[in-house]
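Work through these exercises with the model open beside you. Try each task before reading its solution.

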Amino acid sequence: VQLQASGGGLVQAGGSLRLSCAASGRTFSNYPMGWFRQAPGKEREFVAAISWSASYTYYDVSVKGRFTISRDKAINTMYLQMNNLKPEDTAVYYCVADGRRRFGSFDDLLLGQADYWGQGTQVTVSS
């Protein structure tokens, strides 16, 4: 089972990137998923979460209004559209899935209690 994050890169402040997270080995279509990030020398932090139905989303206050999380259940893929990027968004971004919560909430995932983590993709925002 693998979560493969991609789409990271180097972008200037104010620019945009779209991250993708493709799942393989099992389907997460009916499970909550989300994104975390970790900047150098800092703790890992929550970014965004999406419910299994895609009807509900939740964002950290630092990215709300700039980032949009979505998913395509048909192809077992999740996305993070990042607009108006800031230098403080620079981090390695990880996609996560809570494989224990079929049709469940993302409450545990918000706390980092997810059982599947991708390998991360680097996002660097220059000023």
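Buried means under 20% relative accessible area, exposed over 50%, and partly exposed in between (1.4 Å probe, protein chains only). This is a predicted model: local features need pLDDT of at least 70, side-chain atom pairs count only at pLDDT 80 or more, and totals for chains, interfaces and linings use all residues. Residues are numbered from 1 along each chain as its sequence is written, and side-chain values use heavy atoms, with hydrogens and water left out.

**Exercise 1. Classify Arg101 and Asp108, then state how they interact.**

Step 1. Asp108 has 21% relative accessibility and counts as partly exposed. Arg101, at 27%, is also partly exposed.

Step 2. Apply the salt bridge test: a side-chain nitrogen of Lys or Arg within 4 Å of a carboxyl oxygen of Asp or Glu. The closest N and O atoms of Arg101 and Asp108 are 2.9 Å apart, and the two form a salt bridge.

**Exercise 2. Trace the salt bridges of Arg37.**

Step 1. Arg37 bridges to Glu45, with 2.5 Å between the closest N and O atoms. Arg37 is buried at 4% relative accessible area. Glu45 is partly exposed at 34%.

Step 2. Arg37 also meets Asp89 in a salt bridge, 3.0 Å from N to O. Asp89 lies in the loop between β8 and β9 and Arg37 in strand β4 (residues 33–38), so the pair ties together parts 52 residues apart in sequence. Strands are DSSP runs of E, at least two residues, numbered from the N terminus. Asp89 is buried, at 0%.

Step 3. Widen the view. Arg37, Glu45, Arg66 and Asp89 are linked in a salt-bridge network. The whole structure has five salt bridges.

**Exercise 3. Locate the disulfide and describe its geometry.**

Step 1. The criterion is a pair of cysteine sulfur atoms within 2.5 Å. Cys21 and Cys95 meet it, at 2.3 Å from S to S. The structure holds one disulfide.

Step 2. Cys21 sits in strand β3 (residues 17–24) and Cys95 in strand β9 (residues 91–97), 74 residues apart.

Step 3. The link of Cys21 and Cys95 is right-handed, with 65 degrees about the S-S bond. Both Cys21 and Cys95 are buried.

Definitions and conventions: Helices (H or I, at least four residues) and strands (E, at least two) are DSSP runs, numbered from the N terminus.
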